[in-house]
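Open the model in your viewer and keep the selection panel at hand. The stops below go from strand pairing to a helix, then to the chain contact and the DNA.

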There are 2 protein chains.
Amino acid sequence: MDPDTRSEFVESWGSMGVMWGINRSMARIHALLLATREPLGLEEITEELGMSRGNASMCLKDLRHWGVVRRVNLTGERRDFYIAEDDPWSMLFRIATQRKKREFDPAVTALQKVLATTGEEDDLVRERLEDLEEMLRAMDRLLQRFLANEGASRGMLKFLSAQVPYRSKKGE
Amino acid sequence: MDPDTRSEFVESWGSMGVMWGINRSMARIHALLLATREPLGLEEITEELGMSRGNASMCLKDLRHWGVVRRVNLTGERRDFYIAEDDPWSMLFRIATQRKKREFDPAVTALQKVLATTGEEDDLVRERLEDLEEMLRAMDRLLQRFLANEGASRGMLKFLSAQVPYRSKKGE
DNA sequence: CCGTCTATTCAGAAAATTCTGAACAACCAG
DNA sequence: CTGGTTGTTCAGAATTTTCTGAATAGACGG
């Protein structure tokens, strides 16, 4: 892959990272590893992306924690090297699972707690909050099912995507 | 609803807002409107939440743009008043639709562009990127279907949530 | 033990995001 | 037109997030 194309990919993946709740530096490192066959050391990464050793080190720690990057030892090399996990599906599941636990579940719990301590005096407001809770509960169940069985979910997604030829993304 | 409970809800909804890509002030205003039967004016909102008129005005503008808050005119009142849309499902669809368009679609396009300009020289990397693109395309189709027919999707979510009694959120 | 090489940490710097409040605009009544 | 009321905007302040680089720690060979 030529350097310009690679760096274009690195930057666009960096922007998308935000959508996954991953910051720009982390996503750029991830992209670089995805686009590189050989394991890379800290040195190569900082040089290629123009970031500090400290930042790269912390990002790699987080990326490993998310389970999307792996540290490998090269024989004859004292340094650590890193490669991207190459199954994007498993990456998606890991990230979705962790974000659900960290962000979604606590919010549902908070809403349920509020409902538990809310009286019956205001029907309109109570109904609104109950509808909200019902929706979050539905999403929760969907996520649970989806995340509980990676193989099945993967198949379902592939099936859906295969059904109709891919068209431009105007379907809103 | 008593003031403490309400403010607890306002704050927890504020935290959750981040997950939807909505900032804290916006989510707090939204929560306050959700938890209030009567339409509120700018004045009441700024006073209750302790924020500036300017910020509240901008947040309300954005909330209306997201389609989750509506401006109403009260007879005999010169000021503008605001109420929350009370269908959370439609709120979910509006937000999901807009975020897909704003964040997801451009990233997919960028990846496709990179693939289009990438040669065949590196099989491993090319295959990684193709897998990634396949996954994003699958998600794209799923989102298109889900967002294309609000009624059907709503029914599906409700069905899933009704199937099994709700248990604690430990299913990871 | 020392010197070298590398990874990690974290206080403070830099950057990005969010918020404020004063200025302005729009409207209305008198 | 004037004075009063309310909504909006936006430059800069405040806050939050991210990044840097120097300090530190660990590991290894000699």
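Select A:Leu40 and A:Tyr82. The two residues stand opposite each other, with A:Tyr82 in β3(A). This is a predicted model, so treat each stop as a prediction.

Now widen the selection to the strands. β1 of chain A covers residues 40-41, and β3 of chain A covers residues 80-84. Two bridges join them, and the strands run antiparallel.

Pick A:Val69 to see one pairing: its bridge partner in β3(A) is A:Ala84.

Follow the chain from β2(A) into β3(A). The two form a hairpin, with six residues between them.

While the strands are displayed, look at their side chains. In a regular strand, side chains alternate between the two faces of the sheet.

Next, select residues 3-17 of chain A. This is helix α1, 15 residues in length. From first C-alpha to last it reaches 21 Å, close to the 21 Å expected at 1.5 Å a residue.

Which residues of α1(A) are buried? Colour A:Phe9, A:Val10, A:Ser12, A:Trp13, A:Gly14, A:Met16 and A:Gly17. An α-helix has 3.6 residues a turn, so residues three or four places apart point the same way.

What covers these buried residues? Show α2 (24-34) of chain A and α5 (88-116) of chain B; the cover includes both.

That leads to the contact between the chains. Chain A gives 52 residues to it and chain B gives 53. On the chain A side, select α1, α5 (88-116), α6 (123-148) and α7 (150-163): each supplies at least two residues. α6(A) has the largest share, 16 residues. Colour this side of chain A by class and you get 26 nonpolar, ten polar and 16 charged residues.

Last stop: DNA strand C. Select the 19 residues around it. Those that come nearest are A:Gly54, B:Ser25, B:Met51, B:Gly54 and B:Asn55. The elements giving two or more residues to this surface are α4 (53-66) of chain A, plus α2 (24-34) and α4 (53-66) of chain B. Which element gives the largest share of the surface near DNA strand C? α4(A) does, with six residues.

Finish by colouring the surface near DNA strand C by class. Four residues are nonpolar, eight polar and seven charged.

Definitions and conventions: Residues numbered from 1 in each chain as written. Chains lettered and ligands numbered in written order. Predicted model: local features only at pLDDT ≥ 70, side-chain atom pairs only at ≥ 80, totals over all residues. Near = placed C-beta within 6 Å. Helix = DSSP H or I, 4+ residues; strand = E, 2+ residues; numbered from the N terminus. Nonpolar A, V, L, I, M, F, W, Y, C, P; charged D, E, K, R; others polar. Pairing = 2+ DSSP bridges. Expected span 1.5 Å × (residues − 1). Buried ≥ 20, exposed ≤ 12 C-beta atoms within 10 Å, placed from the backbone. Contact = placed C-beta atoms within 7 Å.
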